[in-house]
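Hi everyone, thanks for coming.

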Amino acid sequence: MNLSLQNSTIPTLDATAQIAASARSATKVYGDGDTRVTALDHVDVAFEASRFTAIMGPSGSGKSTLMHCMAGLDRLSEGSVFIGSTDITATSEKELTTLRRERLGFIFQAFNLIPTLSAVENITLPSDLAGNRVESAWLEHVVATVGLADRIDHRPNELSGGQQQRVAVARALAGRPELIFADEPTGNLDSRTGAEILEFMRQAVREFGQSIVMVTHDPVAASYADRVVFLADGRVVDELIDPTPDNVLDRMRNLGD
Amino acid sequence: MIAKLTIRNLRANSGRFAMTTFGVVLAVSFVVSAFVLGDGLRRTFGDLTTDIVAGTDLEVRPLDEFGIIGSLDDDDVAAVLAVDGVVDAVGFVEAPENSVRPITPAGEEIPGAGPPQLAFSWSDAPGFSPFTLIEGEAPELGEFVIDFGSADRHGFEIGDAYTVLTGTGRHELTLSGLTRFGSDNQTLGATLMAMNANETDALFGTMGFDSIAVALTDSARADIDSAAALVGGALTDVEVLTQATIEEETAAEFNTQIDIIQSILLGFAGVSLLVSIFIIGNTFAIVLAQRTREMGLLRLVGADANQLRRGAMGEAGAIGLLASAIGIPGGIGVAAGLTALFDALGLTFPDYDIVIATRTILVALAVGVGVTLISAWWPTRNAARVPALAALRTGAAGRSETSRTRTIVAIALAAIGAACVAVGIAGGGSTTAMITMLAIGAIAIFGAVTAISPRLVGPIASAFGLVFERLGMPGRLAIRNARRQAGRTATTAAALMIGLAVVSMALVVGESVKTELGSALDESVMADYLLTDQVADAGFPTSVVEELEADPALGAVTGFRNSQMQVDDEVVDVTAASFDALPTLFDLDISEGGFGDPTSSAIVSRSLADEDSVAIGDVFAATLNNGATVDLAVSGIFDEDSLIAEDWLVDVAVYNTAGVVASETWIAFSAAAGADATAVAAAIDRIEERYPQGELETASEFQERMEGLIDQILSVLNALVALAVVIALIGIANTLALSVSERTREIGLARAVGMSRRGVRRMIRYESAVIAAFGAVLGVAMGIGFGWLMVEALPASFADALAIPSGQIITLVVIASVAGLLAALLPARRAGRMNVLDAIAS
Ligand SMILES: Nc1ncnc2c1ncn2[C@@H]1O[C@H](COP(=O)(O)OP(=O)(O)OP(=O)(O)O)[C@@H](O)[C@H]1O
Ligand SMILES: [Mg+2]
């Protein structure tokens, strides 16, 4: 294991920025013996608050694993994870549930919504589960922002894929979580609908000071972020501030070598 | 929010749950019908009881104690009348149940197996008698009256003479009038007759009155206890009961009968519930498994395990509530249906009020909701443990810890079961203690098999595979599917397993009892004919034996006079036979000693000799039932206890010397050596003519009839179990329907790569047959095991060695498997109709 390489890849951070989440020496190993896979290999990474960070890398590089571990959905084999200044590495399942409910939001590529609940019920689901009420002005604002005002009482199966993703974005925003994790949120959408969703996410960061970490394969999607972190073989290998589609593509090509 | 989700889920899955609730609805219906019927009958009978005892302030009865032959006569009545404060007193007597039976105008007896035929001494003292004369005259000598309901039913006419069979023989009596019983002749189908009090002893074979009803002056009634003491003081060896006590006693009598009906219905409810638990549990497990991703998503956005569990339990509760809501009116329907059924069977059921007590509603709700919650508990617990990551992965299931828990539970239960069985068999306690121990053991073993059964799916399915692999690809896939979800296959089959375990246990025990009976009769009965009393249980007058002995066409004759005596402060059953005739009629397998002096010896059973260490030569001071004492020396020990149930056998001389009065419970005899066949036939005809209450049979006819009785008991049990099997099959159909919808994509894929609709249908049907056969094989195996335990527990005179009715058992397994095929009809059709494109796209 090349320690010097790891040291050289610790991402540079804006020293004044607040940290929304960070991982220290995060390692995740799946399986034993012949089937042993090291999905994360001593990853050190930090995501700033009020910033839109993208994670990129080849398939199987550990992007989803990193996200799951940082969101407390899966446990690390080694190392530690912080949400803000809270070390969640060893917290109980119960506390993690509360953490997800109160401090985190999620958006996925598909199956984001409970099929038996209407759009608005899906949006307020986390607050309802926590026994809180979403402030109605804020709810209206979020719903208006994602352009769903007239679709609010429809069931997921009555909405298009793009509309469903917008509901998912609205749900993530509605509870004003400290940090939103998004795993390929536009992976299933055509480029125009995808662009709309990404625009909402960027707007949420700019206007509401939301922190978002997004996994993506698409250089154009990554260019909406403030910063891109590159993973390969379970390690952070590079990063890029203020990305454009072109320079992201460039870096991606280099990763392949 | 969770509540809202619960409601939405219920609506979305309504079809799936509909079938599930069937078993619960049925169970709740049975519970409700048991209470509605019981409460209604109790109220009706309560009113009736009040009617009957209304005029009786006190009732005098002979003391019911060993050694006192109670009887009351006219002198006693006079003595009571002489007591201060007594207004009136009348003696009553009732013939033994069914011992008095009129021949109807159609020339037939009223069937003895139905409601009882009762005969009383007539009294028209108003207020005392439950009977009111509504037409004709009170019975004089040679006359009788009957309740108007029975007269209508059978066509008895006032003024006509009828043959009436009684314990003392045939009598010609004229019908003098019709009576009403109570206020509206609610007789529950019984035939009620009354005869002139002066000839009841001659007709019924009774001795004096059973009781004296007493009416008091108002002032005497005010201090009922002193009045009772006064009346009691006027007589010896009597007890005096007050109206309140009689009323309680009568109500208690009715209640025991109502309780029987109620327990049968509750038994049905219990079986439905037991089977339903498995089916509901299974449906929940499948429906919740299908929602794994959704549960994961809920966990992801912050729902905790408790919220998920509460939501799922809420669904269960709502389903239980719904089932109860349907079951309550359903129960009233079942009660009405049963009433109609009883009526159709000729058992006129009294018109009872429909009483829906708050208790009934509460129990119905508790049963419906409770059982659903209990069944859903385990699957819900598992589902609530779904990790949040399940929302993100498709194949995130399978928890090995559960199967480990199952194994541990199974081993623990098996150990408990084995221990109970071992203690039960080796303990050497009474039959009841043994059966209790074995029952606990059996339940524990049943639990163990249920817990471990997913592990058995593999091996048993492999065995079935030998057949199914030959059925081409659909057969092969069916086996694979059954094995793939071993847990589900096992749970689905468990419901069927219960039913079949009970049936096959009953079959095995029944067969073993029959075998023992057959061998006992074969080996030990030499008598040509057995005469038993099938109607009245009152037996035959002792004169019958004398008549038979006098008949030249007949040889050896003996009766068996059952009675009781007291030995070493213990009241025991004793029977008296002719020591002369006995050895030529029966081989009692006397292993030690032999017949001794007829007036002072007894032969005892092997079990008494062993248990109480009674040995040859022991002398016992016995008090006979009339208080006379006799010293009995044990002269022999008999081993064949299938024929004679009593532990003590004496010669009739013992009774005759002591003056014991007992009728012949049953009689055995043979034709005289070298007797003319027509003379024997004539003798037989005479007996049949003279004692129509008797059943005259050869030993093999007797055996056939006994076997018939056993089969009858089995068929009642089988009706109960058929219900369980039907619910179990509905469970299989439900599980298959669910797994078809779960496997939509898979089936679509199979169709896309070329499997025909027919192939798909066959695959589902075979799978069902595999599940059913699995349940049947396990059930039958357990049933045989339990049957063996029962045979071990039963006294050897009932069942000695295990006998397996293999033909019936194989039929059972085949029927269950075929029924399994039928259960799959609808799910298979649905799978076959699936549109390939839709299936893949979904
Ligand atoms: N549950 C698991 N068990 C075993 N190995 C796993 C599991 N989940 C992920 N892996 C392995 O870990 C590695 C990283 O997987 P991960 O899903 O994080 O990749 P990814 O970067 O998200 O890929 P993609 O871009 O295809 O989504 C892969 O080699 C994968 O096979
Ligand atoms: Mg991924």
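**Where the two chains meet**

Let's start with the interface: 26 residues of chain A are in contact with 24 residues of chain B, where contact means heavy atoms within 4.5 Å. Before I go on, this is a predicted model, where local features need pLDDT of at least 70 and side-chain atom pairs count only at pLDDT 80 or more, while totals for chains, interfaces and linings use all residues. Residues are numbered from 1 along each chain as its sequence is written, chains are lettered from A and ligands numbered from 1 in the order in which they are written, and side-chain values use heavy atoms, with hydrogens and water left out.

Back to the interface. Chains A and B bury about 2200 Å² between them, 65% of it on carbon and sulfur atoms. Buried area is the accessible area (1.4 Å probe) that two parts lose on being put together, summed over both.

How many salt bridges cross between chain A and chain B? The rule finds 1, and it joins B:Arg299 to A:Glu93 through their side chains, at 3.0 Å from N to O. For a salt bridge, a side-chain nitrogen of Lys or Arg has to be within 4 Å of a carboxyl oxygen of Asp or Glu.

**Salt bridges inside the chains**

Over all chains, the structure holds 28 salt bridges. Take A:Glu239 and A:Arg227, whose side chains pair up at 2.6 Å, N to O. A:Glu239 is in strand β10 (residues 235-241) of chain A and A:Arg227 in strand β9 (residues 227-232) of chain A, so this pair ties together parts 12 residues apart in sequence. Both A:Glu239 and A:Arg227 are buried. Buried means under 20% relative accessible area, exposed means over 50%, and partly exposed is in between (1.4 Å probe, protein chains only).

Now over to chain B, where B:Lys514 and B:Asp711 form a salt bridge at 2.8 Å, N to O. B:Lys514 sits in helix α15 (residues 486-524) of chain B and B:Asp711 in helix α21 (residues 699-742) of chain B, so the parts they tie together are 197 residues apart in sequence. Is B:Lys514 buried or exposed? B:Lys514 is buried, because its relative accessible area is 15%, while B:Asp711, at 35%, is partly exposed.

Last topic: confidence. pLDDT is the predictor's confidence in each residue, from 0 to 100. Chain B averages 82, and 92% of its residues score at least 70. Over residues 395-401 of chain B, pLDDT stays under 50. Where pLDDT is low, the predicted coordinates should not be read in detail. For the complex, the predictor gives an ipTM of 0.78 and a pTM of 0.69.

Methods: Helices (H or I, at least four residues) and strands (E, at least two) are DSSP runs, numbered from the N terminus.
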